[in-house]
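Subject: Structure for you

Hello,

Here is the structure for your files. My notes follow below it.

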Amino acid sequence: MWPGWGPLATAFGQAGKKTAIIEREHVGGTCINEGCTPTKTMVASARVAYLTRRAADYGVETGGPVTVDMTVVRKRKRDIVESFRGGSQSRLEHSENVDLLMGEAYFVAPKVIEVRLRTGEVRQLSAETICLNVGERPAPPRIEGVEQVPYLNSTTIMELDQVPQHLLVLGGGYVGLEFGQMFRRFGSRVTIIQRGKQLLTREDTDIAQEVTKILREDGIEVLLETSALKAAKTADGQIQLTVRTSEGERTLTGSHLLAAAGRIPNSDALHLEAAAIKTDQRGYIQVNDRLETSVPGIYALGDVKGGPAFTHISYDDFRILRTNLIEHGNASIANRLLLYTVFIDPQLGRVGITETEARQQGRHIKIAKMPMSYVARALEVDESRGVMKAIVDADNDQIIGACILGLEGGEIMSMLEIAMLGKLPYTVLRDGVFAHPTLAESLNNLFSSFES
């Protein structure tokens with residue numbers, strides 16, 4: 001997970017500390033190579049295909065059916081990834097007091113690691129401060145017969161050179177939804193299989209239902225409360241998936257299968273037992289609020305420590321360690337404001353707690369909710385699907401959570417985050433003057449529309 005890893009190494013180097021950074025595969029980590037950068041590049045291509053098919057809605061004639069060349073989509077993705085990766089590696093290689101070692105590292109004793117370099121050489125390093133930022137990888141599906149099926153994960157699906165005829169997606173979380181909608185827009189038939197009662201299990205039910213409605217409008221088949229039981233390959237090369245639904249067993253047949261139902265930490269290769277570093281039952285490294293592991297002087301940041309698996313969280317972990325280890329401050333992850341954007345279209349931007357969480361905490365709350373069809377800017381560009389929702393503490397008028405499912409939902413969410421960081425009462429946004437016609441001015445109406 002690069003955003004924490006690279007900046008921390010260069011910060012140590014700039015502080016005059018001799019620093020070694022060990023990378024097993026490629027500089028940039030998940031975000032640049034298999035996560036944020038490539039997926040959002042492909043989401044952009046899918047959105048162009050979607051809007052082109054809708055051109056007639058805007059009075060624009062395109063002159064024929066829309067087709068997608070996956071080799072061009074893939075090349076564009078690869079070029080951007082290689083550009084980002086190369087820039088990151090160059091910055092590291094030119095950073096003072098930083099040595100970049102390409103190889104695999106593992107503990108052989110407390111505060112001692114062995115590095116098996118790509119050249120075959122083995123080196124041993126020791127340090128009083130060690131930071132672990134090894135991230136996660138896609139979890140293999142636990143389905144009978146799946147080892148006989150050429151299934152895809154969130155990395156390998158981005159290397160396809162053809163549009164799948166029928167993509168079966170296991171999992172209704174962020175990864176499954178982004179790829180499901182993306183490939184539907186590229187031209188695939190798509191079926192999403194979700195074990196739970198709703199998509200996006202951490203979201204409020206009303207928001208999840210709205211997301212489901214949007215995906216179904218896009219022609220995606222969404223199967224809820226459905227468990228995958230068995231996978232097999234047919235004689236003609238298709239994938240046959242047996243699932244259990246609320247109405248009994250059913251057989252699905254698709255050309256491709258995407259496993260998007262979870263990730264596992266890359267802690268298993270570190271030989272943590274040699275350093276007596278504690279993990280939980282799933283292998284995530286246990287840390288305190290200052291990101292220190294069970295061994296003093298050894299820290300973990302990013303996805304490998306569990307909790308929210310987002311790039312911006314990893315980067316904030318870096319800032320906490322920089323503050324504490326270099327600037328001798330006292331930063332903590334306690335009470336950190338959590339936020340994310342799911343890059344379906346329209347986007348889903350979330351900050352703070354949900355209505356469900358607020359009620360579980362016994363908070364006295366008010367709910368502001370408004371459909372995007374009430375937003376002038378969304379109507380003007382003919383993208384009015386979705387809903388805006390904010391949770392306000394009724395005792396002090398502070399915004400404690402919000403979800404924006406709509407056009408540029410992540411950007412509108414960020415405006416609410418700024419208000420929350422500044423501890424502004426919702427009335428400031430309700431009564432503020434925003435340029436017209438913009439999405440920002442929708443906050444006037446949102447905070448004038450509390451549910452009774």
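His 166, Leu 168 and Leu 170 point one way from strand 7, while Leu 167 and Val 169 point the other way. All are buried (under 20% relative accessible area, with exposed over 50% and partly exposed in between; 1.4 Å probe, protein chains only). Strand 7 covers residues 166-170, and five of its five residues are buried, so it is largely enclosed by the rest of the structure. Strands (E, at least two residues) and helices (H or I, at least four) are DSSP runs, numbered from the N terminus.

This is a predicted model: local features need pLDDT of at least 70, side-chain atom pairs count only at pLDDT 80 or more, and totals for chains, interfaces and linings use all residues. Residues are numbered from 1 along each chain as its sequence is written, and side-chain values use heavy atoms, leaving out hydrogens and water.

Strand 7 runs parallel to strand 8 (residues 189-193), joined by five bridges. Pairing takes at least two DSSP bridges between two strands. Leu 168 has Thr 191 in strand 8 as its bridge partner.

Next, the helices. Helix 3 (residues 36-53) packs against helix 5 (residues 174-186) at about 40 degrees, with the axes 8 Å apart. Axes are lines fitted to C-alpha atoms, for helices over the stretch in contact, and angles run from 0 to 180 degrees between N-to-C directions.

Last, a loop. Asn 133 lies between strand 5 (130-132) and strand 6 (136-138). Asn 133 has 7% relative accessibility, so it counts as buried. Its C-alpha atom is 9.4 Å from that of Ser 267, 134 residues apart along the chain.

Best wishes
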